[in-house]
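Hi everyone, thanks for coming. Let me put the structure up on the screen, and then we can walk through it together.

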Amino acid sequence: MSYIHLQNVSKIYNSGQSNEIKANDNINFDLQAGELTIIVGESGAGKSTLLDILGGMDTVTSGEVIINNEKISNYNHHQLTTFRRNSIGFVFQFYNLLPNLTARENVELAAELVPQALSVTDVLAKVGLSERQDNFPGELSGGEQQRVAIARAIVKNPALLLCDEPTGALDYHTGKKILKFLQDFCHSKNKNVIIVTHNQMIKPMADHILEISDGKIKHDEINSHPTPVEEIEW
Ligand SMILES: Nc1ncnc2c1ncn2[C@@H]1O[C@H](COP(=O)(O)OP(=O)(O)OP(=O)(O)O)[C@@H](O)[C@H]1O
């Protein structure tokens, strides 16, 4: 059984109206446990919609979403909240940190949500922020803020880490470090990481590549020899 299974998944906005949009249009794919997956496509292709569905932040119009043997497409609001809290780490393009909490406090807040949290001190060390943990987000660089956001996501020890354009606000070298961290995290911990991007050049880093266009999966490829991020130029 695949770790993630999507069958005939559609998400239609403004259904039946003149401005109807098929953001996701009959999507089918399977992801195996431990895969780093890149979902790539142009702006408006339906990437964020798909990521939100996988993370239980949005619901499907039709179709089935099964994650770790749980049919989350049948979940009610309360079940989705529990699923998100316990199983999902989410990394956003613009970090979404709480500005009035220090780096450490941002991570602690997430750790308090779940029973299986990792050590806040260890996770901050892992992302290289031990020295900056008492700084507020406004005192940190973009790369440092994104590392706080990643620490906040992984301290929950989630089975599934979802990243929506995680390097979109970062310069080339900082972005590369963040992608290397995500690749190492996935492969060393055997976790599932899904990265949404419009950057075709980073596809070789993934174990699994899904190309999306007009809400449809246009290409589904397994890469049995992913390239280490440090060897990719873009
Ligand atoms: N809440 C909504 N109501 C109506 N239309 C929406 C809504 N959310 C997204 N859409 C539309 O669905 C389509 C897919 O949007 P989505 O955000 O998933 O694309 P994306 O590939 O993530 O784009 P980007 O890279 O620009 O973020 C777009 O046409 C968008 O305008």
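A word on names: helices (H or I, at least four residues) and strands (E, at least two) are DSSP runs, numbered from the N terminus.

Before going on, two notes on the model. Residues are numbered from 1 along each chain as its sequence is written. This is a predicted model, where local features need pLDDT of at least 70 and side-chain atom pairs count only at pLDDT 80 or more, while totals for chains, interfaces and linings use all residues.

E4 and E5 pair in the antiparallel sense over 2 bridges; two strands count as paired if DSSP finds at least two bridges between them. Isoleucine 66 has lysine 71 as its bridge partner in E5, and histidine 5 stands opposite isoleucine 66.

What is the strand order of the open sheet? Its 4 strands run E2-E1-E4-E5, with antiparallel pairing. At the edges sit E2 (21-31) and E5 (70-71), each pairing on one side only. Further in, E1 (residues 4-13) and E4 (residues 62-67) are joined in the antiparallel sense over 5 bridges, and serine 10 has serine 62 of E4 as its bridge partner.

Now please look at the ligand. Around the ligand we find residues including Tyr13, Ile21, Lys47 and His198, where being near means a C-beta atom, placed from the backbone, within 6 Å. Which element gives the largest share of this shell? That is H1, with 3 residues. E2 and H1 each supply at least two residues. By class, the shell has 4 nonpolar, 7 polar and 1 charged residues; here Ala, Val, Leu, Ile, Met, Phe, Trp, Tyr, Cys and Pro count as nonpolar, Asp, Glu, Lys and Arg as charged, and the others, Gly among them, as polar.

Last stop, the core. The largest nonpolar core has 57 residues. Such a core is a set of buried Ala, Val, Leu, Ile, Met, Phe, Trp, Tyr and Cys residues joined through C-beta atoms within 7 Å, and buried means 20 or more other C-beta atoms within 10 Å of a residue's own, with C-beta atoms placed from the backbone. Val107, Ala151, Leu162 and Cys163 have the most contacts inside this core. Helix H5 (residues 142-154) gives the largest share of the core, 6 residues.

Terms used:
Buried ≥ 20, exposed ≤ 12 C-beta atoms within 10 Å, placed from the backbone.
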